[in-house]
Amino acid sequence: MLRVTEIFYSLQGETSRMGLPTVFIRLTGCPLRCGYCDTSYAFSGGKRMDLDEIMREVASFAPRYVTLTGGEPLAQAGSLALLTALCDQGYSVSLETSGALDISQVDTRVSRILDIKTPGSGEMEKNHWGNLDYLTGQDEIKFVLCDRADYDWAVEKLQELKLDSICAVLFSPAYSQLDSAELANWILQDRLPVRLQLQLHKLLWGECAGR
């Protein structure tokens with residue numbers, strides 16, 4: 001059984017899959033409290049669903065792409081079985097995770113979108129750095145940046161850990177906190193091997209659940 005906040009069909013708003021029609025499964029609960037969190041409604045509540053129920057609802061959309069998100073989906077042990085079931089069904093599956101929990105047991109067919117929490121998030125100490133050992137070229141690392149100090153910190157980590165040699169690296173401005181054009185200019189000035197990521201769903205629909 002898993003506690004599910006919502007299952008919905010929308011355009012992928014982030015990562016290299018941006019713009020692709022995708023089914024999102026948002027699980028309930030998260031051990032982090034990032035200052036810029038836009039899904040606090042998923043911290044509690046939700047509906048208890050078994051694996052078969054979830055799979056039937058996903059199939060009703062006839063999707064190609066499925067994303068498991070939260071909250072923090074890995075906070076529920078049943079998420080691992082769900083990810084494997086989705087892959088077995090032939091979907092192209094991605095996982096959005098905070099980077100605070102171990103990803104070593106995640107099905108290797110899943111594209112793991114791993115956050116690295118910056119000082120501005122308020123949760124930098126929760127980064128589980130050992131996760132980097134399990135990433136491959138099909139995965140992505142994401143920094144959400146609140147200000148110039150976050151940017152400088154992220155650049156330091158990018159270079160120190162040679163993150164771009166592991167997988168794609170995304171720099172995303174925290175919504176309504178850091179101007180996206182300013183971040184773009186910094187990336188260009190420093191000639192960084194990263195992708196600027198904007199949240200497409202927010203540009204289209206603003207901040208609302210189920211989008």
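Biologist: What are the ground rules here?

Modeller: The model is predicted, so local features need pLDDT of at least 70, side-chain atom pairs count only at pLDDT 80 or more, and totals for chains, interfaces and linings use all residues. Residues are numbered from 1 along each chain as its sequence is written, and side-chain values use heavy atoms, with hydrogens and water left out.

Biologist: How many disulfides does a search of the whole structure find?

Modeller: A disulfide is a covalent bond between the sulfur atoms of two cysteines. The test is a pair of cysteine sulfur atoms within 2.5 Å. The search finds zero. For C34, the nearest cysteine sulfur is that of C37, 6.6 Å away. The sulfur of C146 has its closest cysteine partner in C34, at 8.9 Å, too far for a bond.

Biologist: Which residues touch the most other members of the largest nonpolar core?

Modeller: A nonpolar core joins buried Ala, Val, Leu, Ile, Met, Phe, Trp, Tyr and Cys residues through side-chain atoms within 4.5 Å. The largest has 46 residues, and I25, I54, L86, F143, Y151 and F171 touch the most other members. A second, separate core holds eight residues, including L32, Y36, C146 and A174.

Biologist: What does I25 contact beyond its neighbours within four places in sequence?

Modeller: Contact means heavy atoms within 4.5 Å. Among the partners of I25 are V4, I54, V66, L82 and L86.

Biologist: Where do the buried residues of α2 pack?

Modeller: Helices (H or I, at least four residues) and strands (E, at least two) are DSSP runs, numbered from the N terminus. Helix α2 spans residues 79-88, and L82 and L86 are among its buried residues. The buried residues of α2 pack against β1, β2, α1, β4 and β5. Just after α2, G90 has a positive phi of about 95 degrees.

Biologist: Which residues lie nearest the centre of the second largest pocket?

Modeller: On a 1 Å grid over the protein atoms alone, a pocket is an open set of points where a 1.4 Å probe fits, with protein on both sides within 12 Å along at least five of seven lines; lining residues have an atom within 4 Å of a point. Of 13 lining residues, P173, Y175, S180, L198 and L203 lie nearest the centre. L203 sits in helix α5 and is exposed, at 61% relative accessibility.

Note on methods
Buried means under 20% relative accessible area, exposed over 50%, partly exposed in between (1.4 Å probe, protein chains only).
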